[in-house]
Amino acid sequence: YMGKQMKLLFLDVDGVLNSHKTGGLYALKRPCLKRLEKIVKETGCEIVLSSTWRKDEYALKRLKRVLQYRGIKIKDVTPVDPKGFRGEEVRLKMIEYMPDKVAILDDDSDFYDYQLKYFFQTDGEYGMTDTIAYRVIQHLNQGEE
């Protein structure tokens, strides 16, 4: 027995934890945060922030505070790729951590083809829905009893 599996969730914020309709910079939607909390509680995954929020000190502080209130920690942030290609930013962290399970939550699909099998795309108009949260949980808990 290898101990508990390492599960990483690469998290985008805009269009995932808020919707483009929410308007307002730094807006976060409570139902979306609740869904994230459910994913973390039910899977034990750790969060690596891939969002542009990681580049903005104020946004990052705010996000950390809001998540901390819900008992969610951000483990790490992805590096910044000079070309801004998110797939590469995720790839580098995967090499560093070698997780057993991975999920990518993003409203934009700029990832490598091989990453699409663990990519869950949200609709930026709504942010993360119950259905997507459920699918991420199923995916991260696959093959566990």
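Mentor: One definition before we start: rings of Phe, Tyr and Trp, taking the six-membered ring for Trp, pair if their centres lie within 6.5 Å. Keep in mind that this is a predicted model.

Trainee: Got it. How many aromatic pairs does the count come to by this rule?
Mentor: The count is 3 aromatic pairs. Take Phe 85 and Tyr 112: their ring centres are 4.8 Å apart and their planes are at 85°, so that pair is edge-to-face.

Trainee: Where in the chain do Phe 85 and Tyr 112 come from?
Mentor: From distant parts, 27 residues apart. Phe 85 is in the loop between β3 (74-77) and α3 (86-97), while Tyr 112 is in the loop between β4 (101-106) and β5 (119-121).

Trainee: And which residues do ring pairs link into a cluster?
Mentor: Phe 85, Tyr 112 and Tyr 114. Phe 85 is partly exposed at 25% relative accessibility, and Tyr 112 is partly exposed too, with 27%.

Trainee: What about the rings of Phe 111 and Phe 119?
Mentor: Their centres are 5.1 Å apart with planes at 45°, so that pair is tilted.

Trainee: Switching topic: is Phe 111 buried or exposed?
Mentor: Buried, with a relative accessible area of 7%. Phe 119 is buried as well.

Trainee: Which residues is Phe 111 in contact with, leaving aside neighbours within four places in sequence?
Mentor: Among them are Phe 85, Val 90, Ile 104, Leu 116 and Phe 119. Phe 111 itself is in the loop between β4 and β5.

Note on methods
Residues are numbered from 1 along each chain as its sequence is written. This is a predicted model: local features need pLDDT of at least 70, side-chain atom pairs count only at pLDDT 80 or more; totals for chains, interfaces and linings use all residues. Side-chain values use heavy atoms; hydrogens and water are left out. Rings of Phe, Tyr and Trp (its six-membered ring) pair if their centres lie within 6.5 Å; planes under 30 degrees apart count as stacked, over 60 as edge-to-face and the rest as tilted. Helices (H or I, at least four residues) and strands (E, at least two) are DSSP runs, numbered from the N terminus. Buried means under 20% relative accessible area, exposed over 50%, partly exposed in between (1.4 Å probe, protein chains only). Contact means heavy atoms within 4.5 Å.
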